[in-house]
Amino acid sequence: MVDIAEKMTADVAELWNRVKSGQREGHYYVALFGMRRYDPVHLVDQIQRGFTYAVFERFQRNTELPYRLLAQSIEIPERTLARRKESGRFEPDETDRLVRLSRVFARAIELFEGNAESAREWLTSPARALGGRTPLAFASTDVGAIEVENLIGRLEYGIPT
């Protein structure tokens, strides 16, 4: 049997090690972008500047979400995403949606104790508690993301949903 740690990318391992050690201060979920500064001032500056396309690609590698699904999840048409690849940078509002998605994905990784594959499967499977929608689709708005995070919290503590 393959050890889960062997399948983790370095960025997922960074996130999981912080969670296991109780170092949840700051916005540690941006480790999924390859970032290692978690303070809010730095993150807001990065969002306002817009992430580079390379950051998006790194997130995709870490989550293994299909390109099309990732584009849908952050509400960017594929043609616009192709333009972002050419220009090399995302707009601030697009970056903000990507950060929201990373927060939800990180919470799912926590729920599945570091297993990004199980997190991805759960996020892309319909959930009765979310009206039959997938957690990933439900998290496309801020309110929806909060509800998905609340659902994860209930599941962590064994509270019926």
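Me: In which helix does Arg107 lie?

Reply: In this predicted model, Arg107 lies in helix α7, which runs over residues 92-111.

Me: What makes Arg107 buried or exposed?

Reply: The relative accessible area of Arg107 is 15%, and the word buried applies under 20%, so Arg107 is called buried. Leaving aside residues up to four places away in sequence, Arg107 touches Glu149, Ile152, Gly153 and Glu156.

Me: Why is the pair of side chains of Arg107 and Glu156 called a polar contact?

Reply: The two side chains are joined at 3.0 Å, and a polar contact requires a pair of N or O atoms within 3.5 Å, one able to donate a hydrogen and the other to accept it, so the pair of Arg107 and Glu156 is counted as a polar contact.

Me: What makes α4 roughly parallel to α7?

Reply: Helix α4, residues 53-63, has an axis that comes within 12 Å of the axis of α7, and the two cross at roughly 20 degrees. Angles under 35 degrees count as roughly parallel, so that description holds for α4 and α7. Their crossing is left-handed.

Me: Which residues of α4 and α7 meet?

Reply: Phe56, Phe59 and Thr63 in α4 meet Leu98, Leu101, Ser102 and Phe105 in α7, and this contact has five nonpolar residues, two polar ones and no charged ones.

Me: How do you know whether Ser73 is buried or exposed?

Reply: Ser73, whose place is in helix α5, residues 67-73, has a relative accessibility of 8%; buried means under 20%, so Ser73 counts as buried. Its side chain has a polar atom 2.8 Å from the backbone oxygen of Leu69. Not counting residues up to four places away in sequence, Ser73 touches Leu101, Leu136 and Ser140.

Me: Why is Glu64 called exposed, whereas Glu75 is called partly exposed?

Reply: Glu64, in the loop between α4 and α5, has a relative accessible area of 52%, and exposed means over 50%, so Glu64 is called exposed. Glu75, in the loop between α5 and α6, has a relative accessible area of 45%, which lies between 20% and 50%, and therefore Glu75 is called partly exposed.

Me: What is phi for Glu64, and what is phi for Glu75?

Reply: Most residues other than glycine have a negative phi. Glu64, although it is not a glycine, has a positive phi of about 55 degrees, and phi of Glu75 is likewise positive, near 55 degrees.

Key:
Residues are numbered from 1 along each chain as its sequence is written. This is a predicted model: local features need pLDDT of at least 70, side-chain atom pairs count only at pLDDT 80 or more; totals for chains, interfaces and linings use all residues. Side-chain values use heavy atoms; hydrogens and water are left out. Axes are lines fitted to C-alpha atoms, for helices over the stretch in contact, and angles run from 0 to 180 degrees between N-to-C directions. Helices (H or I, at least four residues) and strands (E, at least two) are DSSP runs, numbered from the N terminus. Buried means under 20% relative accessible area, exposed over 50%, partly exposed in between (1.4 Å probe, protein chains only). Contact means heavy atoms within 4.5 Å. Angles under 35 degrees count as roughly parallel, over 145 as roughly antiparallel, 65 to 115 as roughly perpendicular and the rest as oblique. A crossing is left-handed if the near helix is turned anticlockwise from the far one by less than a right angle, and right-handed if clockwise. Ala, Val, Leu, Ile, Met, Phe, Trp, Tyr, Cys and Pro count as nonpolar, Asp, Glu, Lys and Arg as charged, and the others, Gly among them, as polar.
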